[in-house]
Amino acid sequence: MSPRAMFHEKPAEEEEIDLKKTASAVKAWPNIKKGYSELVFFLFFFGLYLAVLTMQLRVDRTYGVDEAMRQKVVDEYGDLQEQMSTQEDFFNYLEEVIRPEIFPD
């Protein structure tokens, strides 16, 4: 038994081309293309969402900045207001105290 007989295919010379079916497939192509492009955009967005979600699950890195700010900026004893009398003092405080805590070398 030949492979063509197994699948009940007609030989190439007996096949007929259905023009109506071909025309409808050509007319439907923009809708199919639009559907695939929407699928690609959805998958890209979903991947981006998962990447952000994964980054947020690393709590030690995500909240490290917050913890450093709380340790250095929150003034529990009232000393900070006495140390800051000018804008220059404030910017020196940001450069010398806060920046090394947030961005360690």
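Glu95 is partly exposed in this predicted model, with a relative accessible area of 45%, and its side chain meets that of Arg99 in a salt bridge with an N to O distance of 3.1 Å. Arg99 likewise counts as partly exposed, because its relative accessibility of 39% falls between the limits of 20% for buried and 50% for exposed residues. Both partners belong to helix α6, which spans residues 87-102, and they are separated by four residues, or about one turn of that helix. A search of the whole structure returns one salt bridge.

Buried residues account for 4% of the 105 residues in the protein. The accessible surface amounts to about 10,100 Å², and carbon and sulfur atoms contribute 61% of this area.

A nonpolar patch on the surface is formed by Trp29, Ile32, Tyr36, Leu39, Phe42, Leu43, Phe45, Phe46, Tyr49, Leu50, Leu53 and Leu57, which together present about 1,300 Å² of accessible area. One of these residues, Phe45, is located in helix α2, comprising residues 19-56; with a relative accessibility of 54%, Phe45 is classed as exposed, because the cut-off for that class is over 50%. Phe46, which is also a member of the patch, is by contrast partly exposed, at a relative accessible area of 39%.

Two aromatic pairs were identified in the model. In the pair formed by Phe42 and Phe46, the ring centres lie 6.1 Å apart and the planes meet at 15°, and the arrangement is therefore stacked, given that planes under 30 degrees apart are assigned to this class. Phe42 and Phe46 are both situated in helix α2, where four residues, about one turn of the helix, separate them. An edge-to-face geometry is found for the aromatic pair of Phe90 and Phe91, with a centre to centre distance of 5.6 Å and an angle of 70° between the planes. Phe90 is partly exposed, its relative accessible area being 39%.

As regards the confidence of the prediction, the mean pLDDT of the protein is 76, and 71% of its residues reach a value of 70 or more. Among the elements, confidence is highest in helix α2, at a mean of 86, whereas the lowest mean, 53, is found in helix α1, which covers residues 3-6. The helix with the highest confidence is thus also the one that holds Phe45 and the stacked pair of Phe42 and Phe46.

Methods:
Residues numbered from 1 in each chain as written. Predicted model: local features only at pLDDT ≥ 70, side-chain atom pairs only at ≥ 80, totals over all residues. Heavy atoms only, no water. Buried < 20%, exposed > 50% of the residue type's maximum accessible area, 1.4 Å probe, protein only. Areas by Shrake-Rupley, 256 points an atom, 1.4 Å probe, with all protein chains shown as cover. Patch = residues over 30% accessible without salt bridge, like charges linked within 9 Å, V, L, I, M, F, W, Y side chains within 5 Å. Salt bridge = Lys/Arg side-chain N within 4 Å of Asp/Glu carboxyl O. Helix = DSSP H or I, 4+ residues; strand = E, 2+ residues; numbered from the N terminus. Phe/Tyr/Trp six-rings, centres within 6.5 Å; stacked < 30°, edge-to-face > 60°. pLDDT = per-residue confidence, 0-100.
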